[in-house]
Amino acid sequence: MVRSLWNAATGMNGQQAAIDTISNNLSNVNTTGFKQHRAEFEDLVYQKVKLAGTPATEDTVTPVGLEMGAGVKLGATQRIMSQGSLQATHVDTDVAIVGDGFFRVQQYDGSWAYTRDGTFKVDMTGQLVTANGLRVIPEIILPEGFQLETLSISDYGKVSVKVNGSNEPTEVGQIELYRFPNAVGLESEGDNLYKVTNASGAPIANRPGMEGMGILKHKFIEMSNVSVVNEMVQMIVAQRAYEFNSKAIQTSDTMLQTAANLKR
């Protein structure tokens, strides 16, 4: 009887974790380049009351065992790396990745981070940076006297711009992309950034459109891949499962009360 109380309690905790994951997805539905998460569950340890295959008689064995479960736990939050929809912005410094790959940026401590957020800016020195001022690597520095409205980024990452007094664009750099053997193993850092881990593997660099890399779309951004409808359905499922587990606790409590009120 006590087992049922604790099992249902683990179920309620698990469904709370599912709701937490869903709420995070929904809160980031308009976050550029955000990748949704999915809560994945695992059953807990089992008490082996009787093992399958133990001798029943001299000539037979027990065909099935007797196991009593201990509930559920949150095993992982899987990141879904599917492509987000593209949105035209007509902003000269915006660029989206279509396909595999990440941009590399340099953080303030000198370490590298990776992002799908291509809402870049130009700082006071003419350098291409993120909204938080992190430099895009390889560095893209626009020459003095550049005309921002003439900035062009090709599908394959070539960056060019016109400068004052010139009618021909000047090539100023090449954007590179980075992919990973296991991109879902990257560590989320916040600010739309990811860090390399032992699970993700080492980054593989190449130009857009080369050897499995995605291509770039200038003046577009990649929106979140969160489906509001799917998340709402998952929320309903998690809510009902939470209620069912609470009912199991109430039922166990009622049964215990009945046992406590037994009289001779």
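Me: Where does the largest share of the lining of the second largest pocket come from?
Reply: From strand 16, which gives 3 residues. This is a predicted model, where local features need pLDDT of at least 70 and side-chain atom pairs count only at pLDDT 80 or more, while totals for chains, interfaces and linings use all residues. Residues are numbered from 1 along each chain as its sequence is written, and side-chain values use heavy atoms, without hydrogens or water.

Me: Which strands supply at least two residues of that second pocket's lining?
Reply: Strand 16 (187-190) and strand 17 (193-195) each do. Strands here are DSSP E runs of at least two residues, helices are H or I runs of at least four, and both are numbered from the N terminus.

Me: And which residues lie nearest the centre of the second largest pocket?
Reply: Of its 17 lining residues, Phe34, Ser188, Asn192, Leu193 and Tyr194 lie nearest the centre. A pocket is an open set of points on a 1 Å grid over the protein atoms alone where a 1.4 Å probe fits, with protein on both sides within 12 Å along at least five of seven lines, and lining residues have an atom within 4 Å of a point.

Me: OK, how much space is in the largest pocket?
Reply: Its volume is about 290 Å³. The closest to its centre among the 17 lining residues are Ala18, Ile22, Arg38, Ala39 and Gln234. For the second largest pocket, the volume is about 170 Å³.

Me: Which element gives the most to the largest pocket's lining?
Reply: That's helix 2, with 6 residues. Helix 1 (2-27), strand 1 (37-43) and helix 2 (228-260) each put at least two residues into the lining of the largest pocket.

Me: Switching to asparagine 25: buried or exposed?
Reply: Asparagine 25 is buried, because its relative accessibility is 0%. Buried means under 20% relative accessible area, exposed over 50%, and partly exposed in between (1.4 Å probe, protein chains only). Asparagine 25 sits in helix 1.

Me: What does asparagine 25 touch?
Reply: Beyond residues up to four places away in sequence, asparagine 25 is in contact with Phe34, Gln36, His37, Val226 and Glu231. Contact means heavy atoms within 4.5 Å.

Me: What about arginine 104, where is that one?
Reply: Arginine 104 belongs to strand 7 (residues 103-106), and it counts as buried because its relative accessibility is 9%. Leaving out neighbours within four places in sequence, its contacts are Trp112, Ala113, Tyr114, Arg135, Val136, Ile137, Tyr178 and Pro203. From the C-alpha atom of arginine 104 to that of glutamate 187, 83 residues apart along the chain, the separation is 14 Å.

Me: Backbone check: which residues does the cis peptide bond join?
Reply: Isoleucine 137 and proline 138, with omega about -5°. Proline 138 is in the loop between strand 11 (135-137) and strand 12. Most peptide bonds are trans, and most residues other than glycine have a negative phi.

Me: What's phi at glutamate 211?
Reply: Positive, about 50°, although glutamate 211 is not a glycine. Its loop runs between strand 18 (204-206) and strand 19 (215-218). Glutamate 211 counts as exposed because its relative accessibility is 63%.

Me: And what does phi look like at lysine 219?
Reply: Also a positive value in a non-glycine residue, near 65°. Lysine 219 is in the loop between strand 19 and strand 20 (220-222). At 29% relative accessibility, lysine 219 counts as partly exposed.

Terms used. Points joined across faces, edges and corners; volume = space filled by probe spheres on them.
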